[in-house]
Amino acid sequence: MDARMFGLETPLMAALQHLLDVPDGDAGAGGDKAGAAAGGPTRTYVRDARAMAATPADVKELPGAYAFVVDMPGLGTGDIKVQVEDERVLVISGERRREEKEDAKYLRMERRMGKFMRKFVLPDNANMDKISAVCKDGVLTVTVEKLPPPEPKKPKTIEVKVA
């Protein structure tokens, strides 16, 4: 369906329509190169964009740290991965899998399944050596401590000699 039919001809709608037009089976043996060669986004890019859009997060600045809070109901620690890429990019990712039971038939499937991911560029005062992650009651909290503020430079006093 063409968005122009409804008067929705904006750059944002055009970009969304372009992303939705990429079929999942487009990358055969060529992998992601098929989409990139055609000038469009690769399957990896589209998959990551969908995963990031479907993973809401809260970011809080505390007096001594930054806190990233993400709801992760029903996931264990083995399903969640917290990494730092490129020295300053915090990546929270993982996958929620559907429980498969042979004797059960789903009548309705509303809970989101599949991969999720969020990326955050950390500020310059983030201490990369002091990052912790805790998942409690289905809520993941990643805490990144701040570096102490630099000491103000004291002016250097120079003794004046009488000649």
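In this short talk I will go through the strand pairing, the loops and a few side-chain arrangements of this model.

Please keep in mind throughout that we are looking at a predicted model. The mean pLDDT of the protein chain is 77, with 71% of its residues reaching 70 or more. Residues 22-35 fall below 50 in pLDDT, and this stretch makes 14 contacts in the model beyond its near neighbours in sequence.

Let me begin with the sheet. Three strands make up an open sheet in the order S3-S4-S5, and their pairing is antiparallel. The edges are taken by S3 and S5, each of which has a single partner strand, so that one side of each is left without a neighbour in the sheet. If we ignore direction, neighbouring strands here are turned against each other by 15° on average.

Turning to the individual pairings, strand S3, which covers residues 80-85, is joined to S4 in the antiparallel sense over six bridges. Within that pairing, Val-82 stands opposite Ile-92 in S4, and Glu-85 stands opposite Val-89, again in S4. On the other flank, S4 pairs with strand S5, residues 114-121, in the antiparallel sense over eight bridges, and here Arg-96 has Gly-114 of S5 as its bridge partner.

How many of the eight residues of strand S4 are buried? The count is seven, over a strand that runs through residues 89-96, and S4 is therefore largely enclosed by the rest of the structure.

I would now like to look at the connection between S3 and S4. These two strands form a hairpin with three residues between them, and in the turn Asp-86 has a positive phi of about 50°. Glu-87, which lies in the loop between S3 and S4, also adopts a positive phi, of about 70°, although it is not a glycine. Is Glu-87 buried or exposed? With a relative accessibility of 67%, Glu-87 counts as exposed, given that the cut-off for that class is over 50%.

A related case is found at Asp-137, in the loop between strand S6 (126-136) and strand S7 (139-146). Asp-137 is not a glycine either, yet its phi is positive at about 55°, and with a relative accessible area of 74% this residue is exposed.

Finally, let me come to the aromatic side chains. The count of aromatic pairs comes to one. The pair consists of Phe-68 and Phe-120, whose rings lie 4.8 Å apart centre to centre with 45° between the planes, an arrangement classed as tilted. Which parts of the chain does the pair link? Phe-68 belongs to strand S2 (residues 65-71) and Phe-120 to strand S5, so distant parts of the chain, 52 residues apart, are brought together by the pair. Both Phe-68 and Phe-120 are buried.

One further ring deserves a mention, namely that of Tyr-66, because Lys-146 lies over its face at 5.0 Å from the ring centre, within the 6 Å cut-off that applies to such a contact.

To close, I would return to the sheet, where S4 is paired with S3 over six bridges and with S5 over eight bridges, and where seven of the eight residues of S4 are buried.

Methods:
Residues are numbered from 1 along each chain as its sequence is written. This is a predicted model: local features need pLDDT of at least 70, side-chain atom pairs count only at pLDDT 80 or more; totals for chains, interfaces and linings use all residues. Side-chain values use heavy atoms; hydrogens and water are left out. Buried means under 20% relative accessible area, exposed over 50%, partly exposed in between (1.4 Å probe, protein chains only). Helices (H or I, at least four residues) and strands (E, at least two) are DSSP runs, numbered from the N terminus. Two strands pair if DSSP finds at least two bridges between them. pLDDT is the predictor's confidence in each residue, from 0 to 100. Contact means heavy atoms within 4.5 Å. Rings of Phe, Tyr and Trp (its six-membered ring) pair if their centres lie within 6.5 Å; planes under 30 degrees apart count as stacked, over 60 as edge-to-face and the rest as tilted. A charge sits over a ring if NZ of Lys or CZ of Arg is within 6 Å of the ring centre and within 35 degrees of the ring normal. Axes are lines fitted to C-alpha atoms, for helices over the stretch in contact, and angles run from 0 to 180 degrees between N-to-C directions.
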